[in-house]
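Subject: Structure for your review

Dear colleague,

Please find the structure below, together with its sequence. My notes on what was found in it follow directly after.

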Amino acid sequence: LACLGLRITKAASLPEGERLALGKAGAWLVCALAAVALAVDALSTITALITLFTEGIGTQGTQWTLALAAAGLLLFALNGEALARGVYFLRVPVLALLAAVLLGLVSGARLDHLFPVLGDGSSSLWAAFQAGAGAGWVFLLPLLQAPTKESRWHEPLPPVGLCIVVMLCLNLALPHELLSNQSALGDCLVLTVAHLPAFVRLLALCLWMAALFLALGSSVSLCAGQLLAPTGRRVMWLPGVLVLAAAATQLLDIRELWTQLGALERWLLAVPGVGAGVSLLLCWRKRK
């Protein structure tokens, strides 16, 4: 819908397309929705990162103190091009770690781990779809920026393909019973690497930490950018305030926080999807 809307409006990005469809309010709306989704992602990421330390690895410290330490480190990387350069520099090591972990998972893969595919029936499949479909909002992020090439249809394909490969390897390597019976966040995080050989498990934990840390910084930085995108302004201190606010959420009950974030994430793709459909209809009617 988003790519089709851009083609109909001949806009270079989603904010520009919404501006053509709904006026200035449309640009503010799409940027606000993106900022909310990125904020939820930042809260989920910092919760997963700190819980990996406290419950998964058993690091000494409280959820709050470790979150404050992570936020303090990020404060030095959120302004200028430090974060972008860090992500660019670490892209090869992170992909190498991911390849090693996937090889470790594939070595223990069995087709019968996919059984039963439907779980408890169609209701189980529908529940899984509802829980996971909201994560697809991240594939709209490239469309918020002007393209570097004329065609945009290929842009979501690499991240979508990578996610499918990772999820398939996890499902092939881990029995269905283990995946469906875990409820605690720390157990779920460690479960993905628990059956790997010791050295590969260490690499996987390093990958978890690096990926979550970079994802937290990216979410906070992009959220600050989207909040002010329609104005064209940039406030240097805003990303720091957002990351400290994200760290402050670790003072709350973590299990309740994770439950509420999961409930919000289910709707992160539905809301912009409906907005894209309405905008597309309005543009089509205007052109007629």
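Is Gln-226 buried or exposed? At 7% relative accessibility, Gln-226 counts as buried. Please bear in mind throughout that this is a predicted model.

Gln-226 belongs to helix H10, which covers residues 198-228. Leaving aside residues up to four places away in sequence, Gln-226 is in contact with Cys-31, Ala-34, Ala-35, Leu-38, Leu-144 and Gln-145.

As background, nonpolar side chains in soluble globular proteins tend to be buried together. The largest nonpolar core of this model contains 39 residues, and the members that touch the most others are Ile-46, Ile-50, Leu-105 and Leu-196. Seven named helices each contribute at least two residues to this core: H3 (24-57), H4 (63-74), H5 (82-107), H7 (157-173), H9 (185-191), H10 and H11 (238-248). Of these, H10 provides the largest share, with eight residues.

Cysteines

How many disulfides does the structure hold? The number is zero. Cys-188 takes part in no disulfide, and the nearest cysteine sulfur, in Cys-163, lies 18 Å away. Cys-188 is partly exposed, its relative accessible area being 30%.

Cys-223 counts as buried, with 7% relative accessibility.

Salt bridges

Two salt bridges are present in the structure. In one of them, the side chains of Arg-255 and Glu-55 meet at 3.6 Å, N to O. This pair connects distant parts of the chain, since Arg-255 is in helix H12 (residues 254-265) and Glu-55 is in helix H3, 200 residues apart. Arg-255 is exposed, with a relative accessible area of 53%, whereas Glu-55 is partly exposed at 39%.

The other salt bridge joins the side chains of Arg-110 and Asp-112, at 2.6 Å from N to O. Arg-110 counts as partly exposed, with 46% relative accessibility, and Asp-112 is also partly exposed, with a relative accessible area of 40%.

Nonpolar surface patch

On the surface, Leu-22, Leu-29, Val-274, Val-278 and Leu-282 form a nonpolar patch, and together they have about 390 Å² of accessible area. Helix H13, residues 270-287, gives the most to this patch, namely three residues. Leu-282 lies in H13 and is partly exposed, with a relative accessible area of 30%.

Yours sincerely

How values were computed:
Residues numbered from 1 in each chain as written. Predicted model: local features only at pLDDT ≥ 70, side-chain atom pairs only at ≥ 80, totals over all residues. Heavy atoms only, no water. Disulfide = S-S within 2.5 Å. Buried < 20%, exposed > 50% of the residue type's maximum accessible area, 1.4 Å probe, protein only. Helix = DSSP H or I, 4+ residues; strand = E, 2+ residues; numbered from the N terminus. Contact = heavy atoms within 4.5 Å. Patch = residues over 30% accessible without salt bridge, like charges linked within 9 Å, V, L, I, M, F, W, Y side chains within 5 Å. Areas by Shrake-Rupley, 256 points an atom, 1.4 Å probe, with all protein chains shown as cover. Salt bridge = Lys/Arg side-chain N within 4 Å of Asp/Glu carboxyl O. Core = buried A, V, L, I, M, F, W, Y, C linked by side-chain atoms within 4.5 Å.
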